[in-house]
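Notebook open, viewer open. I want to go through the sheets first, then the helices, and jot down what I look up.

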Amino acid sequence: VMARTYAYSADFDKEVENLFREAEFLGEGHNGIVYEVPGNKALKIFLEKKICKEEADILERVRKSKYFPKIYKRGDYYILREKVGGTRLDHYIEQYGLTEKLSYNLYKLLKEFEELRFTKLDIRCRDVYVEENERVMVIDPKQCYKRKVSYPRHLMKGLKGINVLNQFLFYVESFDEKTALEWEKKINQYYYKENSREII
């Protein structure tokens, strides 16, 4: 894959520069480009200093959480962090289906967001990776302390898109009925609003 690297300039120190010599391109998103480097690490280079700082600050704050990659080093335009393996959540479910265990792990992840005092209690399917034993990891924490979202709207929209939302809510109901009913009510209100907009 050819990456659009022309716009990136990073402020590497010697250690990171040496790692970068053996870097393998992993992917590119809206905010940056990610390389795998030796030592099971990932090097993410950002286009904007502000976005790099926001993501690095979140990773520092959630350092003790098992759901986020460890951060090893940061610069103005890069983050050196633990590499997250596995498969993107929606792709994983399409391949293997949604189990009770995976639903529980997603539920626990969302509950962890509350404990970490996130204001955004939501995540996109593409930012969650499923590793062995259906362990879930967040790859790109964004605006967790800035945006206000009181329930996992994007996550549920993603699950609805692959036809497993009802199954997910059914599993969540078995371990936390109150939360399941609350999420179901909020997502139904959201779709009701969306549909009435289309009708008008």
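**Three-stranded sheet.** I started with an open sheet of three strands, ordered S6-S7-S8 and paired antiparallel. Strands and helices here are DSSP runs, E of at least two residues for strands and H or I of at least four for helices, numbered from the N terminus. Two strands count as paired if DSSP finds at least two bridges between them. S6 and strand S8 (136–138) are the edge strands, each pairing on one side only. I looked up how S7 and S8 are joined: three bridges, running antiparallel. Tyr 129 has Met 137 in S8 as its bridge partner. H4 lies across S7 and S8 and runs at about 35 degrees to S8. For angles like that, axes are lines fitted to C-alpha atoms (for helices over the stretch in contact), and values run from 0 to 180 degrees between N-to-C directions.

**Ground rules.** Before going on, I noted that this is a predicted model, where local features need pLDDT of at least 70 and side-chain atom pairs count only at pLDDT 80 or more, while totals for chains, interfaces and linings use all residues. Residues are numbered from 1 along each chain as its sequence is written, and side-chain values use heavy atoms, with hydrogens and water left out.

I then went pair by pair:
- Strand S2 (residues 32–37) and strand S3 (residues 41–46) pair antiparallel over six bridges, and Glu 36 stands opposite Ala 42 in S3.
- S3 and S5 run antiparallel and are joined by five bridges, with Leu 43 opposite Leu 80 in S5.
- Strand S4 (residues 71–74) and strand S5 (residues 78–82) pair antiparallel over three bridges; Arg 74 stands opposite Ile 79 in S5, and a hairpin of three residues joins S4 to S5.

How many residues of S5 are buried? Five of the five, so S5 is largely enclosed by the rest of the structure. Buried means under 20% relative accessible area, exposed over 50%, partly exposed in between (1.4 Å probe, protein chains only).

**H2 and Ile 58.** I picked Ile 58, which lies in helix H2 (residues 49–61). Buried or exposed, I wondered about Ile 58? Ile 58 counts as buried, at 7% relative accessibility. Leaving aside neighbours within four places in sequence, Ile 58 is in contact (heavy atoms within 4.5 Å) with Pro 141, Lys 142, Gln 143, Cys 144 and Tyr 145. I also checked Ile 58 against Asp 90: they are 32 residues apart along the chain, and their C-alpha atoms are separated by 24 Å.

**H3.** Asp 90 took me to helix H3 (residues 89–96), where Leu 89, Asp 90, Tyr 92 and Ile 93 are buried. Why are they on the same side of H3? Because they cover an arc of only 160 degrees around the axis, taken from the directions from the helix axis to the C-beta atoms. Glu 94 and Gln 95, on the other side of H3, are exposed. The buried residues of H3 pack against strand S6 (87–88), helix H4 (100–115), strand S7 (128–130) and helix H5 (153–161). After H3 comes Gly 97, with a positive phi near 85 degrees.

**H5 and H6.** From H5, Leu 155, Met 156, Leu 159 and Lys 160 meet Leu 165, Phe 168 and Leu 169 in H6. The residues of this contact divide into six nonpolar, no polar and one charged.

Definitions and conventions. Nonpolar A, V, L, I, M, F, W, Y, C, P; charged D, E, K, R; others polar.
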